[in-house]
Amino acid sequence: MATNMAACTTTTKNILEEEENMSRIEEDRLNDLPESLHHHILSLLDTKDAVQTSMISKSWLRLWTSMPVLHLNSCNFRYVVNFDKFVNSVLRYRDESAKLNTLTFSRRGVCSAKIVKEVVDYALSHGINHLELFIKRFKNYSLPVSEQTSSDSLKTLKLKIHSYVSCPLLSGSFKNLTFLYLQGAIIKNHQPFSGFPMLEKLVLKDCRLCKILSVQAPKLCDLTLSCHGCFDRCELTTPNLRFFKYMGSDFPLLVTHDGLPVLETVVIDYYGVCYDFEEQRLFDDLISLFWALDNAKSLTIFSTIVDVLNLFPDDLVNLNSPFRKLKCLNLDLKYLGMYENLFDSLLPGRRLNIKRSYELVKAYLLNKSPEAKFSIIPPPNNDI
């Protein structure tokens with residue numbers, strides 16, 4: 001019996017020693033990885049998880065302080081006040097000599113100006129390349145940053161706010177910014193992008209704009225405007241624009257100072273409400289928008305655009321299409337029925353059967369480009 005107990009004790013000891021040796025080997029393997037790979041692994045995690053992961057090894061304890069990527073997300077915190085304290089600590093104890101490439105800040109609830117200013121100031125003062133801010137609600141009506149803010153390193157700026165705030169960053173100078181995404185921004189100045197000479201892609205979603213929006217961007221090749229009818233006129237000085245997408249509750253007057261010579265792709269959608277007294281204006285404004293985009297080689301329109309064009313079918317038959325270079329026309333009906341109340345309830349009897357509607361629209365849009373490929377993206381129930 002004693003012999004068996006001794007043998008069992010020896011076996012258990014050997015197993016524990018083997019597990020300890022394996023753990024040491026695994027830790028050594030982890031430590032032998034290059035620091036750049038350590039940083040890459042941690043950068044894939046939320047910063048809170050990255051800090052906790054750093055505790056698995058003594059040599060990793062301060063590794064998080066030099067990560068080139070920070071993902072700060074309040075969803076990982078039960079109370080947002082604890083999140084704000086965590087953000088403050090991360091920025092305070094981060095290695096000042098370490099390069100910061102990317103910072104994403106996502107804050108639910110009502111966000112204070114203090115924490116946003118702290119994050120933005122830190123990012124811009126540490127040579128950041130990519131900055132993203134996602135804020136549910138904001139206490140102030142303006143981002144707490146100086147109008148003279150500048151950065152030569154920033155290349156990507158994404159600002160998504162679910163409440164409207166003015167954006168002083170648009171008055172700053174960002175010489176190498178190539179991608180700008182704004183949601184919920186109040187844009188007051190007439191030429192808001194003059195400080196971004198290298199801008200290549202611009203997205204404005206649900207922003208409040210002045211009556212005249214001027215986009216002067218010599219390198220811009222991708223422009224998306226998704227706004228409720230808040231501006232009457234859009235002036236484009238964008239000789240390299242290749243992609244243009246517009247979604248709105250109205251059609252602004254589009255003025256192109258260079259004719260958009262290399263325009264390739266145009267996408268147009270409508271989500272407004274049409275009343276009887278606005279029918280003719282809406283129809284004319286859409287036709288005018290088409291003419292401003294006449295260099296397009298690919299055009300995609302949605303079912304609501306078909307509805308607008310069919311407000312005056314007799315006029316449409318007699319109109320010449322502006323699109324003389326079209327290679328592809330796409331009629332996207334995947335949302336067919338979703339916006340029916342915009343027309344059916346307000347314009348009873350005016351909406352044509354969809355099969356006849358798209359044939360009429362097709363005939364109009366392709367009367368100068370009869371060889372263009374015509375495609376229909378059917379609705380989910382595929383009942384056409």
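The legends below describe close-up views of a predicted model.

In this predicted model, local features need pLDDT of at least 70 and side-chain atom pairs count only at pLDDT 80 or more, while totals for chains, interfaces and linings use all residues. Residues are numbered from 1 along each chain as its sequence is written, and side-chain values use heavy atoms, with hydrogens and water left out.

**View 1. Gly 248 in strand β11.** Gly 248 belongs to strand β11, which covers residues 243-248; helices (H or I, at least four residues) and strands (E, at least two) are DSSP runs, numbered from the N terminus. The relative accessibility of Gly 248 is 0%, so this residue counts as buried, where buried means under 20% relative accessible area, exposed over 50%, and partly exposed in between (1.4 Å probe, protein chains only). Setting aside residues up to four places away in sequence, Gly 248 touches Cys 227, Asp 269, Tyr 270, Tyr 271 and Gly 272, a contact being heavy atoms within 4.5 Å. From C-alpha to C-alpha, Gly 248 and Cys 227 are 5.0 Å apart in space, although 21 residues separate them in sequence.

**View 2. Ser 166 in strand β4.** Strand β4, made of residues 156-166, contains Ser 166. With a relative accessible area of 14%, Ser 166 is buried. When its neighbours within four places in sequence are left aside, Ser 166 is in contact with Tyr 141, Ser 142, Leu 143 and Ile 186.

**View 3. The salt bridge between Glu 264 and Arg 242.** The structure holds eight salt bridges, each defined as a side-chain nitrogen of Lys or Arg within 4 Å of a carboxyl oxygen of Asp or Glu. In one of them, Glu 264 pairs with Arg 242, and the closest N and O atoms are 4.0 Å apart. This pair links distant parts of the chain, 22 residues apart, with Glu 264 in the loop between β12 (253-256) and β13 (265-270) and Arg 242 in the loop between β10 (233-237) and β11. Glu 264 is partly exposed at 31% relative accessibility, and Arg 242 is partly exposed with a relative accessible area of 42%.

**View 4. A salt-bridge network around Arg 281.** Asp 250, Glu 278, Arg 281 and Asp 285 are linked in a network of salt bridges. Within this group, Asp 250 forms a salt bridge with Arg 281, the closest N and O atoms lying 3.0 Å apart. Asp 250 sits in the loop between β11 and β12 and Arg 281 in helix α6 (residues 279-292), so this pair ties together parts that are 31 residues apart in sequence. Arg 281 also meets the side chain of Asp 285 in a salt bridge (3.1 Å, N to O), and both of these residues lie in helix α6, four residues apart, about one turn of the helix. Asp 250 is partly exposed at 23%, as are Arg 281 at 33% and Asp 285 at 22%.

**View 5. The nonpolar core and Phe 290.** The largest nonpolar core has 104 residues, and those with the most contacts inside it are Phe 105, Phe 244 and Phe 290; such a core is a set of buried Ala, Val, Leu, Ile, Met, Phe, Trp, Tyr and Cys residues joined through side-chain atoms within 4.5 Å. Helix α5 (residues 113-125) gives the most to this core, with eight residues.
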